[in-house]
Amino acid sequence: KIVHLIRFIPDHVKAITLRKLQNRSDNDTLDSVISDNDKLFKSNDDTLVVEKLRKTYGPKVVVKDLVLQLKKNKCFGLLGVNGAGKSTTFRILTKSLFFDDGRVQLEKVPIKKADYTERIGYCPQEDYLNYFLTGREVVYSVARLKGYSDADARKVTKNLLKYFELEKYQDKPCSGYSGGNKRKLCSCLAFLGSPKVILLDEPTSGVDPSSRRNFWNIINSFKMQGDTSFLLCSHSMEECENLCDEVAIMKEGTIKAKGSLLALKNKHTKGYKITVKLKSEDDIYRLKGRISELLRAELMEEYAGSLVYQVDDKRLSGLFVVLDNLQDEFPCIDDYIVNQMSLEDIFLSVADGN
Ligand SMILES: Nc1ncnc2c1ncn2[C@@H]1O[C@H](COP(=O)(O)OP(=O)(O)OP(=O)(O)O)[C@@H](O)[C@H]1O
């Protein structure tokens, strides 16, 4: 039965299981490891530290000298365009993939040590589920493989399925789950075993807005209670704004921008974003000229009847007066919206830049 189960579980859980089954002990004591590697940890709040991580596929470097520090009770967002190297990083951090150079330590335990992965929870980008088992059986099996007793495994399974709003489907085979419910079940597995670090690779893609909010609540309540760190990869900027204390934007294997949301906003954006919605494009060239002249604004985007400007002017009231006057002068203006710059704007400016 166990051999059958192992075929359907991810490598990082498999490593733990095989070690448990073989009853192998780790020869290196934690003390010797700590004295060797203290330097990597800059503060007591650091949990996972990555230094100059590098991964190549033939001549192609897909992760270039990546540096990361995850902190207790914090969520770190790893953003980037498709192919930036995010999932590769996740696979390296869960020991599913070898890397060429660099160092990784989790609470001062180097990645090479056997119990490293026991401290990590992982929701990979692809669903890994045994489709013959029900949701309840999947969670219970992984709980047992992670070392829970029968009674504890039952209890934790019940609670997790409840938190992730999967109770309704718990006795149905996973093969019949919708895409969003499969994602929820995979996320739920990442929380098993009280991991110190939880890696979530696009955990809510395909998940409905209400379940997504429930998921955000789970993470935020974990952040408040325990000492878990989260590393989140998501293409939803809204999700990152809601969950992340710090984000890094990755492009072609390199981190192009890193910091708290506020720091990134201050560094990469100025002032406000103005979206001018048009009824028609009749007088558009003259309008663009007037906006540049009056607001000294930079045209960021032009799409589907809208002009999007970035303006440095910090005096909001003055801005509205100018925009009202422009609306009177140009009947082609339908409406305008003034927003603060968002994480999405930062992402676009960093991802599109060189
Ligand atoms: N097995 C492989 N052999 C060769 N190249 C690979 C392999 N796996 C990934 N790559 C390349 O590594 C790069 C990074 O891929 P990765 O899956 O980490 O990107 P990502 O940032 O997670 O993208 P996405 O947002 O689309 O999930 C890509 O250019 C990809 O083509």
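**Figure 1. What kinds of residues make up the shell around the ligand?** In this predicted model, the shell has three nonpolar, seven polar and one charged residues. Here, Ala, Val, Leu, Ile, Met, Phe, Trp, Tyr, Cys and Pro count as nonpolar, Asp, Glu, Lys and Arg as charged, and the others, Gly among them, as polar. Look for Tyr57, Val62, Gly80, Asn82, Gly83, Ala84, Gly85, Lys86, Ser87, Thr88 and Gln125 around the ligand; a residue makes the list if its C-beta atom, placed from the backbone, lies within 6 Å of the molecule. Residues are numbered from 1 along each chain as its sequence is written.

**Figure 2. Strands β1 and β2 form a hairpin.** Strand β1 (residues 46-57) and strand β2 (residues 60-71) run antiparallel, joined by seven bridges. DSSP needs to find at least two bridges to call strands paired; helices (H or I, at least four residues) and strands (E, at least two) are DSSP runs, numbered from the N terminus. Aspartate 46 sits across from lysine 71 in β2. Two residues lie between the strands, and glycine 58 takes a positive phi near 60 degrees.

**Figure 3. How confident is the predictor?** The protein averages a pLDDT (the predictor's confidence in each residue, from 0 to 100) of 85, and 87% of the residues score at least 70. Local features need pLDDT of at least 70 and side-chain atom pairs 80 or more, while totals for chains, interfaces and linings use all residues.
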